[in-house]
Amino acid sequence: MSAPPLLDVREVQQHYLLPRERLFGPRPVVHALRGVSFTLQRGRSLGIVGESGSGKSTLARVVMALETPSAGEVRFEGQDLATLDAAALRRARTGFQMVFQDPYGSLDPRRKVLQTVAEPLAVLHGTPRAEQRERAAEALDAVGLRPADLDKYPHEFSGGQRQRVAIARALITRPQLIVADEPVSALDVSVQAQVLNLMQDLQDRFGVTYLFISHDLAVVDLVCDEVIVLQQGRIVEQGAPEQLFHAPQHPYTQRLLAAVPGRGAVAAA
């Protein structure tokens, strides 16, 4: 009997109502997700790819319970996140964290790294300050930074180092799932390779599960065990990277591949 999935997304839809174009006219509806379903097992990496507007970031927000789906369920460890009250959702959030696209934009420039990295402990656990610093130092060490860096500000780091700080913040609650939304797209290619290697090393060391959202097919090919292709909020193809990227079946996947020259740039870095 196979183990239950860590993440189970069932027929998720997400609709947004737009302002009326006429005073008494109907409100236009944007269908961002249209019946998306998949499962993600512990310790695995699932990539979500598609063009801008395909629904990738909407899916990330729904999985993170930052938005409630219009229909369907997102189950984390068997719990439907939309049914949890505020206290139960706060407890559940210790098990899943997020890494954003822009490492500088996701870090408050007015706060030292200690405050930023330890924030989830303070908000979700009420951890004493002495323990916060100890845990933050451990998280920085895990991503290749020094405990002394806790007293620095974001502007004192390079882009790659800032993304390491963001990953340390995601790691500090010892989550089982990290949702990474375009985590290396703002970095130089050489730095991308370093951060991706770090994320793979952390998965090997801590058993972290990744939901990896990216428009860069080379990145997903490098780090993911399975890939989902989204088009206009629907899954059009799903499978192992070697299957999708070397023998794509759906015309949309074929067009994505044809539009990205030099896809092996990251792997070769």
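I started with α9 (residues 251-258), where the buried residues are Tyr252, Thr253, Leu256 and Leu257. Buried here means under 20% relative accessible area, with a 1.4 Å probe and protein chains only; helices are DSSP runs of H or I, at least four residues, and strands are E runs of at least two, numbered from the N terminus. These four sit on the same side of α9, because they cover an arc of only 140 degrees around the axis, taken from the directions from the helix axis to the C-beta atoms. Their cover includes α7 (217-223), β9 (226-231), β10 (234-239) and α8 (241-246).

Note on the source: this is a predicted model, and local features need pLDDT of at least 70, side-chain atom pairs 80 or more, while totals for chains, interfaces and linings use all residues. Numbering runs from 1 along each chain, and side-chain values use heavy atoms, without hydrogens or water.

Last, I checked ring pairs (centres within 6.5 Å; planes under 30 degrees apart stacked, over 60 edge-to-face, the rest tilted). I found one aromatic pair: Phe76 and Phe96, edge-to-face, 5.1 Å centre to centre with 70 degrees between the planes. Phe76 lies in β4 (residues 71-76) and Phe96 in β6 (residues 96-99), 20 residues apart. Phe76 is buried at 2% relative accessibility, and Phe96 is buried with a relative accessible area of 2%.

How values were computed: Rings of Phe, Tyr and Trp (its six-membered ring) pair if their centres lie within 6.5 Å; planes under 30 degrees apart count as stacked, over 60 as edge-to-face and the rest as tilted. Buried means under 20% relative accessible area, exposed over 50%, partly exposed in between (1.4 Å probe, protein chains only). Contact means heavy atoms within 4.5 Å.
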